[in-house]
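Please read them alongside the sequence and the coordinates.

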Amino acid sequence: IACENPRAMLPKILAVFSQKDEKLSGVHPSAIVSPNAEISQDAYIGACAFVGDGCVIEAGSVIEPNATLLKNVRVGKNCLIHSGAVIGCDGFGFERTPGGLVKIPQVGGVVIGDDVEIGACTTIDRGTMNDTEISSGTKIDNHVQIGHNVKIGRNCIICSMSGIAGSSIIEDDVTISVQAGITDHVRIGRGVIIAGRTGVTNDIAAGS
């Protein structure tokens, strides 16, 4: 097949040969879903998945087997949450006191836009008071850690074993390569490309 952009054409060609199942919808009998959760009739909750209080799953989204959405997690349309992902777990917040470390309660949630993919065994912490946010079109690989109150823009790519500490902001169209580490309270500008095993400790200007 002759074409000007083989990489763009490849997904279309492979889709012809892929053995896709029928579009999934409904809740598997072994899944545990809170009566306070809102699940679209066009969404699917897989075997042994857990969906907790206050969660919302919109149309076309698939929660694969053994994924966990703890509480107050909103998943937009046409998202894919892979097996073993844990979303809405406690943010890692402690305060040193004379009596030892005191845990800071985490009462926010997680908001996920449309067309987001979250890889297997990735963890996304809920916010301390506000929500952790993953914007539409972003794709997150397996084994990624996203801390509380992080804001991730649209159409970002975050590769395996990367970590983003609390309250950092990742603007649109950012690529974070494998095993990158980003400290807390930094801003990564639009279109930035972060190479593998980079350690980010300061803000990065857009386009870098």
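1. What radius of gyration would a compact globule of 208 residues have, and what does the protein chain have? The model is predicted. The rule for a compact globule with 208 residues gives a value near 17 Å, and the protein chain has 18 Å, so the two agree. Along the principal axes, the C-alpha trace of the protein chain extends over about 65 × 45 × 20 Å.

2. The secondary structure of the protein chain consists of one helix and 28 strands. Taking contacts between residues at least 6 apart in sequence, 13% link residues at least 24 apart.

3. On burial, 39% of the 208 residues in the protein chain count as buried.

4. On charge, the protein chain carries 22 negative and 16 positive side chains. The centres of these two sets are 2 Å apart.

5. Where does Ser162 lie? Ser162 is in the loop that runs between β21 (157-158) and β22 (163-164). Ser162 has 2% relative accessibility and therefore counts as buried, the cut-off being under 20%.

6. Which residues does Ser162 touch, leaving out those up to four places away in sequence? They are His143, Val144 and Gln145, together with Ile176, Ser177, Val178, Gln179 and Ala180. With Gln179 there is also a polar contact: the side chain of Ser162 reaches the backbone nitrogen of Gln179 at 3.4 Å.

Note on methods
Residues numbered from 1 in each chain as written. Predicted model: local features only at pLDDT ≥ 70, side-chain atom pairs only at ≥ 80, totals over all residues. Heavy atoms only, no water. Helix = DSSP H or I, 4+ residues; strand = E, 2+ residues; numbered from the N terminus. Buried < 20%, exposed > 50% of the residue type's maximum accessible area, 1.4 Å probe, protein only. Polar contact = N/O pair within 3.5 Å; in protein donor to acceptor, adjacent residues only side chain to side chain. Contact = heavy atoms within 4.5 Å. Rg over C-alpha atoms; globule rule 2.2 N^0.38 Å. Lys, Arg positive; Asp, Glu negative; His and termini not counted. Charge placed at Lys NZ, Arg CZ, Asp CG, Glu CD.
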